[in-house]
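Here is a briefing on a predicted model.

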Amino acid sequence: MKQVAVVGGGISGLSAAWQLASLNRPSGSLKILLFDDPASQLGGWIKSVSLRNTLFEEGPRTIRPVGSQGAATLDLIYSLNLQHKVLPIPKLSPAATTRYIFYNNKILKLPSSLPSLLSSNVPYLRGLVVSALLEPFRTLPKDDISIDYFFSRRFNSRLADLGSAVVHGIFAGDSRKLSMKSCFPAINPRKSLILSLFQKGHPQPITWQPLQHPESQPFINGIQSTSAMYTLQNGLQSLTNALTRELRKFNVEIIRERVIAIEPQSRTLTTRHSTYKPSAIISALPAHALAKTLPESSVRDALAEIPFITIAVVNLAYTSKLPHDGFGYLVPRSQVDSAKPVLGCIFDTNVTKAAGVDEELTRVTVMIGGWWFDSKEVPSDSKLREMAVEAVRNSCGLEVPVMERVSVHRESIAQYVIGHADRVSRIENAMGGGIRVVGASYRGVGINDCVLGARLAAKNVFEDLDI
């Protein structure tokens with residue numbers, strides 16, 4: 001019987017194993033092995049923790065339903081019979097339309113429409129109308145460029161600093177180093193951003209495949225047409241927990257051993273106790289972790305060159321109410337205190353309230369560090385808690401939390417620096433058919449990107465094995 005080894009038990013590895021199991025269901029002629037380090041949790045850093053009936057998300061907390069990637073995740077949710085657990089956040093709710101930035105020790109509301117843009121008091125937006133009129137006539141070099149350079153050249157330095165706040169919210173990274181091409185593949189840096197907004201449709205970075213369950217289409221259409229984002233009852237870990245349960249039902253062998261060596265050419269995989277020779281290998285490990293398993297080679301060096309950042313997440317709960325509606329605020333680079341590098345705050349309670357869930361306590365999540373931790377030691381949990389509590393006090397007026405939880409995710413978010421796309425192409429070409437790589441290290445850090453990328457890789461492996 002042919003075997004496929006999936007290495008890594010985060011959302012990408014679980015999704016790849018699930019897709020293989022689904023394709024294998026009619027014949028049952030494929031043995032699927034899923035390897036995950038016993039020191040880690042299946043599901044990666046999608047982790048939902050309930051403390052005294054209060055839900056804290058240590059990792060992502062919402063999913064956007066848009067596009068091919070969004071449809072792939074909704075199709076997965078449907079196939080796991082989780083559609084009744086989806087909590088949609090309506091497109092017109094404040095949690096979907098209202099965003100803030102932290103500027104000069106104040107929270108400023110960002111405009112959500114053209115009239116509000118024209119009357120906005122946000123300093124970053126001064127002169128934007130003139131810059132927007134000139135933007136179609138400003139050219140950019142053909143080479144890969146940074147996000148910061150794109151917005152500085154296309155618009156102005158003020159908008160580039162505002163863009164740095166958005167990058168903090170997605171990558172916790174430095175917009176002066178990250179690649180526009182790799183981080184925002186739907187935007188062509190050499191075409192006018194303003195003119196593209198008036199064109200129908202946007203290119204998808206990954207080719208869409210037909211739904212695994214065509215009967216899920218009405219469910220997907222309903223969520224995509226009415227919701228800006230969604231979460232799940234009992235947290236997003238409900239998704240990875242369901243995947244784990246279903247994989248066991250379909251006889252996927254989950255091996256809680258760390259893979260210490262992989263030989264791509266011979267497709268040999270070694271753990272501390274055993275050696276395996278599967279017919280195919282899908283790696284869902286972070287690039288730096290995969291590099292450590294490979295023999296010396298140019299591909300190992302290329303994998304190791306993909307940088308990762310460490311981010312601290314501090315969950316807080318209060319008895320007082322938030323003075324602001326909306327999703328939360330982000331901090332532009334120029335406003336970050338290097339000694340206390342708070343990158344943003346999510347108003348979790350507002351998000352679940354928009355989904356129709358009432359709560360006794362007010363929940364917020366503060367994000368700290370990211371690329372600011374590259375040059376300094378990560379503070380202790382008590383120091384991180386102090387930073388988070390001070391940030392919420394200064395921005396929202398909430399004083400003393402009644403519950404808190406500090407999580408430090410080390411080397412957790414891949415940084416798509418300039419040249420990332422070429423590096424990924426070199427890695428994939430050098431691997432040949434020996435290993436297929438999936439996950440947030442390569443072509444998108446979001447849950448949707450991981451699910452769709454894993455699905456495509458599993459489908460290709462299954463077809464290559466000609467089962």
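Start with the helix pair. Ile147, Asp148, Phe151 and Ser152 of helix 6 are in contact with Ser157, Leu159, Ala160 and Val167 of helix 7. By class, this contact comprises five nonpolar residues, two polar ones and one charged one.

**Helix 6 and helix 7**
- Helix 6 covers residues 147–154, and helix 7 covers residues 157–170.
- Their axes come within 7 Å of each other and cross at roughly 150°.
- Angles over 145 degrees count as roughly antiparallel, and helix 6 and helix 7 are therefore roughly antiparallel to each other.
- The crossing of helix 6 and helix 7 is right-handed.

**Second largest pocket**
- The volume of the second largest pocket is about 490 Å³.
- Its lining has 21 residues, and those closest to the pocket centre are Asn53, Leu55, Val357, Glu359 and Arg363.
- Strand 4 (54–57), strand 8 (227–232) and helix 14 (348–354) are the elements that each give two or more residues to this lining.
- By class, the lining of the second largest pocket holds six nonpolar, eight polar and seven charged residues.

- Asn81 has a phi near 60°, a positive value in a residue other than glycine.
- Asn81 sits in the loop between helix 2 (67–79) and strand 5 (86–90).
- Asn104 has a phi near 50°, again positive in a residue other than glycine.
- The loop that holds Asn104 runs between strand 6 (100–103) and strand 7 (106–109).

Terms used
Residues numbered from 1 in each chain as written. Predicted model: local features only at pLDDT ≥ 70, side-chain atom pairs only at ≥ 80, totals over all residues. Heavy atoms only, no water. Axes fitted to C-alpha atoms, helices over the stretch in contact; angles between N-to-C directions. Helix = DSSP H or I, 4+ residues; strand = E, 2+ residues; numbered from the N terminus. Parallel < 35°, antiparallel > 145°, perpendicular 65-115°, else oblique. Left-handed = near helix turned anticlockwise from the far one by under 90°. Contact = heavy atoms within 4.5 Å. Nonpolar A, V, L, I, M, F, W, Y, C, P; charged D, E, K, R; others polar. 1 Å grid on protein atoms, 1.4 Å probe; cavity = no way out; pocket = protein on both sides within 12 Å on 5 of 7 lines; lining within 4 Å. Points joined across faces, edges and corners; volume = space filled by probe spheres on them.
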